[in-house]
Amino acid sequence: PYYYYSTDEVVPASTDGVDGTFAMTFTVLSTTHLVPTYLTYMYGNKTALTEIDVTQMLEFVRETTENADRRGTWNIVVGHHPAFSSDMDVEGATEMRQQLLPILRDNHVQLYLSGHDHTLQYLLDGNGAAHVISGTGSFGLHDSLAKSSEYAVFGDASLGFVLVSVREKYLRVEFHKALDDGTTDVIFEAAVNRSVG
């Protein structure tokens, strides 16, 4: 199924001069299929796009993240729509919290990466997992940061991007703001521990 998939990666690591490796599992899904109003708005009644079995997709995400949790690997999920945002009513967030968030929490996903909301945001879901929104790489920046959420740690509506660096026991998230001279500034950074929940 090309609307959802996972990949396991083995990364070289060096801890205290001892070489080794650590594992990461990435699970990617089309959250568009979890938000019926967005799916219809974007794609109308195009059969190939609307005939995805959402239950099967969510079961795949559950199994993949459960296996990653059991193996103790980094457990990272990527989707278009955020579950949390400064604007908790941003399109799709309710559906994400109802359908996807229980899977993320049950299986100790450490990081959920999304876009959709045209902002840069770092949020914590109350269970220790980080939710990163990197949606300012295009036009039409949102003013949703005027609202506040108990989950929000950082937010900015400047053009920019997020860089994630993964280590064996933690990952680092850097938010970069694009400057007029073609360079960037790091405007926020955070560390996410491998153990969550």
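Reply: Buried means under 20% relative accessible area, exposed over 50%, and partly exposed in between, with a 1.4 Å probe and protein chains only. Strands (E, at least two residues) and helices (H or I, at least four) are DSSP runs, numbered from the N terminus. The model is predicted: local features need pLDDT of at least 70, side-chain atom pairs count only at pLDDT 80 or more, and totals for chains, interfaces and linings use all residues. Residues are numbered from 1 along each chain as its sequence is written, and side-chain values use heavy atoms, with hydrogens and water left out.

Me: Why is β5 largely enclosed by the rest of the structure?

Reply: Because four of the five residues in β5 (120-124) are buried.

Me: How many bridges join β5 to β6?

Reply: Five, and the two strands run antiparallel; strands count as paired if DSSP finds at least two bridges between them. Gln 121 faces Ile 133 of β6.

Me: Which residue in that hairpin takes a positive phi?

Reply: Gly 126, near 85 degrees, in a hairpin with five residues between the strands.

Me: And β7, which sense does it pair with β5 in?

Reply: Antiparallel, over four bridges. Leu 120 has Asp 156 of β7 as its bridge partner.

Me: Now the serine. Where is Ser 158?

Reply: Ser 158 is in the loop between β7 (152-156) and β8 (160-166).

Me: Buried or exposed, Ser 158?

Reply: Buried, because its relative accessible area is 16%.

Me: What does its side chain contact?

Reply: The side chain of Asp 156, through a polar contact of 2.5 Å. Such a contact is a pair of N or O atoms within 3.5 Å; within protein, one must be able to donate a hydrogen and the other to accept it, and residues adjacent in sequence count only if both atoms are side-chain atoms.
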